[in-house]
Amino acid sequence: MSEILDLVICGGGAAGLTSAVYAARSGLDFVLIDISSSMGSQITQTSDVDNYTGFEKVNGMELVMKFYEHAKALNAPMVNDEVQEITKENGIFTIKCAQGEYKTRTVIYCSGASHRELGVKGEKELLGRGVGYCAVCDGFFYRNKTVVVVGGGNTAVTDALYLSKICKKVILLHRRDSLRAEKILVERLENAENVELMFNSEVAEILGEKGADGVLLKSGDKIDCDGVFIAVGIVPRSETVKSLAKLDNNGYIVADESGKTSLDGLFAAGDVRTKALRQIITACSDGANCVDSVNKFLDTV
Ligand SMILES: Cc1cc2nc3c(=O)[nH]c(=O)nc-3n(C[C@H](O)[C@H](O)[C@H](O)COP(=O)(O)OP(=O)(O)OC[C@H]3O[C@@H](n4cnc5c(N)ncnc54)[C@H](O)[C@@H]3O)c2cc1C
């Protein structure tokens, strides 16, 4: 039988890398597994983070690399692999990955979330050809062009602000009559000269043949554009644990601040768990709390 670890951390974003820092400092025998070689955290999708204490303004990728370097400096073992299946037998978890398998007494599951789809015609067909979900990744291709951003939360407003510095014009479409984003972001958006806000506007279809060239609204109006960025929320990446732990109606793993789930030894941290505020700082906090819970759990088995 292979070695049994104290802990496997599934995911290397804000929650996972903080868990790794705390686990290394606790002397736990563990490994962190992340699917991406550059750590696929959602943080890398944002250019400016200006609400993480200690950093007035920091680039998203730079912040993740700082988290990564911190864990690395503590000799935290980290591998690139995809967690595909988790099972538990006789108190021991088996983590099956694309390239290997790990046995462990506890798991911190912190796989984050991914973008929600709008679910309209043209979205899948034109993906990568004028339709995208990551303004920071793809915004450059729309230099001096007109783009539409769909959504009304922090991500949509942040995307619109980012694109306003690159594009000729940004049109923000929101289906409600006001934005849900933080006040400071909304104020910045309202001050951006090349941003047009369109409320009560629901997308019916993304138009175009070879590439997106417009958006058809449910009202029947058509908006011409060169690209469409969709930012209408997130869905938790909880598929792998759905038969192990209780999920809420939206697919989030039910867990409180301690990270404890309905299954002994399985802890959930970050955006994938039920919580009020999904941010970098709260994901980091979860990571620290989960390692504390892991240590307490290991003392009892
Ligand atoms: C565009 C955008 C802008 C944002 N801006 C801000 C901001 O300004 N300030 C702020 O506080 N928050 C911001 N957020 C939210 C913030 O990024 C998240 O709350 C935070 O990253 C959550 O951390 P996490 O560790 O739960 O998930 P993530 O940071 O997303 O990390 C999850 C990790 O799990 C890995 N993973 C997933 N599935 C698997 C698998 N099967 N096997 C192995 N690894 C896997 C992924 O590769 C990833 O590295 C933003 C989010 C987005 C999308």
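Colleague: Before we start, what should I know about the model?

Modeller: The model is predicted, so local features need pLDDT of at least 70 and side-chain atom pairs count only at pLDDT 80 or more, while totals for chains, interfaces and linings use all residues. Residues are numbered from 1 along each chain as its sequence is written, and side-chain values use heavy atoms, with hydrogens and water left out.

Colleague: How many disulfides does a search of the whole structure find?

Modeller: The search finds 1 disulfide, where a disulfide is a pair of cysteine sulfur atoms within 2.5 Å. Cys-134 and Cys-137 are the two partners, with 2.0 Å from S to S.

Colleague: And why is the disulfide of Cys-134 and Cys-137 right-handed?

Modeller: The torsion about the S-S bond of Cys-134 and Cys-137 is about 70 degrees, and therefore the disulfide is right-handed.

Colleague: Is Cys-134 buried or exposed?

Modeller: Cys-134 is buried, at a relative accessible area of 9%, whereas Cys-137 is partly exposed at 44%. Buried means under 20% relative accessible area, exposed means over 50%, and partly exposed lies in between, using a 1.4 Å probe and protein chains only.

Colleague: What about Cys-110, and which cysteine sulfur is nearest to it?

Modeller: Cys-110 is in no disulfide, and the nearest cysteine sulfur belongs to Cys-10, 7.0 Å away. Cys-110 is buried, with 6% relative accessibility. For Cys-167, the closest cysteine sulfur is in Cys-225 at 11 Å, which is too far for a bond.

Colleague: Switching to strands, what is the order of the open sheet?

Modeller: The open sheet has 5 strands in the order S8-S15-S9-S10-S11, with parallel pairing. Its edge strands are S8 (131-132) and S11 (195-198), each of which pairs on one side only. Helices (H or I, at least four residues) and strands (E, at least two) are DSSP runs numbered from the N terminus, and two strands pair if DSSP finds at least two bridges between them.

Colleague: How many bridges join S9 to S10?

Modeller: Strand S9 (residues 146-150) and strand S10 (residues 169-173) run parallel and are joined by 5 bridges; within that pairing, Val-147 has Val-170 of S10 as its bridge partner.

Colleague: Which helix lies across S9?

Modeller: Helix H4 (residues 154-164) lies across S9, S10, S11 and strand S15 (227-230), and it runs at about 170 degrees to S9. For such angles, axes are lines fitted to C-alpha atoms, for helices over the stretch in contact, and the angles run from 0 to 180 degrees between N-to-C directions.

Colleague: And in which sense do S12 and S13 pair?

Modeller: Strand S12 (residues 203-208) and strand S13 (residues 212-217) pair in the antiparallel sense over 5 bridges, and a hairpin of 3 residues joins them. Val-203 stands opposite Leu-217 of S13.

Colleague: Now the ligand: which residues come nearest?

Modeller: There are 30 residues around the ligand, and Asp-34, Ser-41, Gln-42, Asp-271 and Ile-280 come nearest; a residue counts as near if one of its heavy atoms lies within 4 Å. A backbone N or O atom of Asp-271 lies 2.8 Å from a ligand oxygen atom, and a polar side-chain atom of Gln-279 lies 3.2 Å from an oxygen atom of the ligand.

Colleague: What does the side chain of His-174 reach?

Modeller: The side chain of His-174 reaches the backbone nitrogen of Gly-152 at 3.5 Å, and a polar atom of that side chain lies 3.1 Å from the backbone oxygen of Ser-178. A polar contact here is a pair of N or O atoms within 3.5 Å; within protein, one must be able to donate a hydrogen and the other to accept it, and residues adjacent in sequence count only if both atoms are side-chain atoms.

Methods
Contact means heavy atoms within 4.5 Å.
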